[in-house]
Amino acid sequence: MPRDFTPKVVTANALIEGDVVYLTRDDQWTRHMSEAELITDEAESQLRLLMAQAQTETVVGVYLAEAKAGANGPEPVHFREAFRRTGPSNYRHGKQAELTDV
Amino acid sequence: MYDYTEFDAAFVAERNRQFRQQVERRLSGALTEDEFKPLRLMNGLYLQLHAYMLRVAIPYGTLNSRQMRQLAYLALRWDKGYGHFTTRQNIQYNWPKLRDVPDMLDALAEVGMHAIQTSGNTIRNVTADHFAGAAADEIADPRPVAELIRQWSTDHPEFQFLPRKFKIAVTGAAADRAVTRAHDIGLQIVRRDGQTGYRVIVGGGLGRTPMIGKVLNDFVTQDDLLPYLEAVVSVWNLLGRRDNKYKSRIKITVHEHGIDDIRARVEDRFNLIRPTFTGVDLALFEQIKSAFAPPAFRTDSTAVFDTSYRTDPIFRSWADTNLAAHRAPGYAIVQISLKAHGATPGDATAEQMRVMADLAERYGHDELRISHEQNVILPHVHKSDLPTVHAALKKHGLATANIGLISDIIACPGMDYCALATARSIPIAQDIARRFDDLKLEHEIGELKIKISGCINACGHHHVGHIGILGLDRAGVENYQITLGGDHTETASLGDRTGPGFSADEILPAIERIVRTYLDYRDSPDETFLQTYRRIGMEPFKTALYDNAGANAYAAQ
Ligand code: SF4
């Protein structure tokens, strides 16, 4: 039995704007968590992470964040990732001001 | 006011030119992030939760109107129209884009400002009493010596790779408004036998292992000050733990070796290096001092003030709460609250910055200060101008009469912005301020300092808050720990933990129970929260917080 693996998404910050991005199934970076690839296999997650970390000209601070499947794609598990997906709570700045699906 | 010398300006211009090229090389892929990160940090550029963050130093918290206007310009041109003033007298921009940062730094250099040594293991921005040069109780203006230290420490070759960051604060009065006892070095200007010198306090600091600084030397003369400071920093530079970043600050070195051992080592080192200081620093100090000469205060009637004070209750409430005693007759120190009820502590919009700059220029001898309590100060305003100043502030949401009261909360950015945070701070501050405003209780409560940090690093000074709140992550949920009885002044003490923490929903009612307990127990309206706590201790507050019967009694009120 493989041990339980919490699904992950690969996330980072965009190099120029600094805003939060997620890796998609077709190796693109998206601003929408819902479009991210939800990785359910641990070995696969490590491979995807290495691939993403090599893209130092596009993104910084790449890591794996826990996520779960939602009706419209991956959703955050931890509140930190929920804030990263949305933006700060004191102003309507960041993603919540720019995106429609959060 | 001190102006940059040509040397300073050339140094900053050169650093900006280098950084512009470094950014270009990063964008072209010639530099990896690992190579670039230390370079951007040296220029105050962090990567935070949602974006980059640029931290700009405001040395000893002093600005002129031109500089404040430029800060407003940066906010409008390259950020989202506001800036955040921090507990270390810096301003932070939360949304800069990497490719714009070199332009932002150039714009800052136009007004003699920069972001150098606002990060990294260096000597950071030297902070000072925000009433410097104005306070009635001041022995001497702490800013000339702060400026001397800034020049000595900037790009000091021995101190660019210290075991950890190093923070210095200076106060010129016995009343400590600069939190000197929570700094790596705190300096207090003192007078002995007609001579002015410095009490050197060392090893204070908050964060994971909070410590109140200890007196290393009761009196260091002006002649000996720089070599003495250099001796302190270099003793720590050698001794400080580089193997463990949680043990690297000087507070741990002092704790592990004992203050007497450190004192002896500093003396040895001092005797060795003292002869290499030939007096250039003293000549420089004299020069700096003249640049901080007080403005020409005018003598004028205060009748206008007296009339407004008598007839306008809103003005009177503001004057009673937000003014402080000035050393010149007829003058007052104006504290502008950046804590409107429900606003983000320490944030000012570009428009508000411009209003404050205009007021400083017209009515305040062109001076502004940023306080570690995240407010703005007009240090020199003649009382006859106060009704006009108040009216202008009011129009722009800057006349909240709450300085030193329960809604004048220090809050770090917390998890709304900070990548290191374990919980949010800002919404907690907003909730508390709104609640006590609704209750119309804050003037009744009187002096009460709440300080909130979003993680153990304690940028929000929670350990020294009368009520401290620390946001933590407990199993994936925000949880808030409370401490009581902290004090950031000359009678500094660390707060005591009440017990288990509270969820985000429970924290506001918990604070309310604490405050009601204080109101029940104080022996008169003159006894402050801190005095009451020191008299009655933790038990009644614990009962109110954790004893169900007590909790329900208040819930039913
Ligand atoms: S206390 Fe923690 S959360 Fe707050 S600003 Fe400092 S590092 Fe960030």
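The exercises below, each with a worked solution, concern a predicted model. Local features need pLDDT of at least 70 and side-chain atom pairs count only at pLDDT 80 or more, whereas totals for chains, interfaces and linings use all residues. Residues are numbered from 1 along each chain as its sequence is written, chains are lettered from A in the order in which they are written, and side-chain values use heavy atoms, without hydrogens and water.

**Exercise 1.** Determine the strand order of the open five-stranded sheet in chain B, and state which strands stand at its edges.

*Solution.* Strands are DSSP runs of E with at least two residues, helices runs of H or I with at least four, both numbered from the N terminus, and two strands pair if DSSP finds at least two bridges between them. The order is then β1-β2-β5-β4-β13 (chain B), with antiparallel pairing. Because β1 (45-47) and β13 (347-349) of chain B each have a single partner strand, one side of each is left without a neighbour in the sheet.

**Exercise 2.** Identify the bridge partner of B:H84 in β5(B).

*Solution.* Strand β4 (residues 82-85) of chain B is joined by two bridges to the antiparallel strand β5 (residues 90-93) of chain B; the partner of B:H84 is B:Q92.

**Exercise 3.** Classify the ring pair of B:F19 and B:F36.

*Solution.* Rings of Phe, Tyr and Trp (its six-membered ring) pair if their centres lie within 6.5 Å, and planes under 30 degrees apart count as stacked, over 60 as edge-to-face and the rest as tilted. With 6.1 Å centre to centre and 15° between the planes, B:F19 and B:F36 are stacked. B:F19 lies in helix α1 (residues 6-28) and B:F36 in helix α2 (residues 33-42), both of chain B, so the pair ties together parts that are 17 residues apart in sequence.
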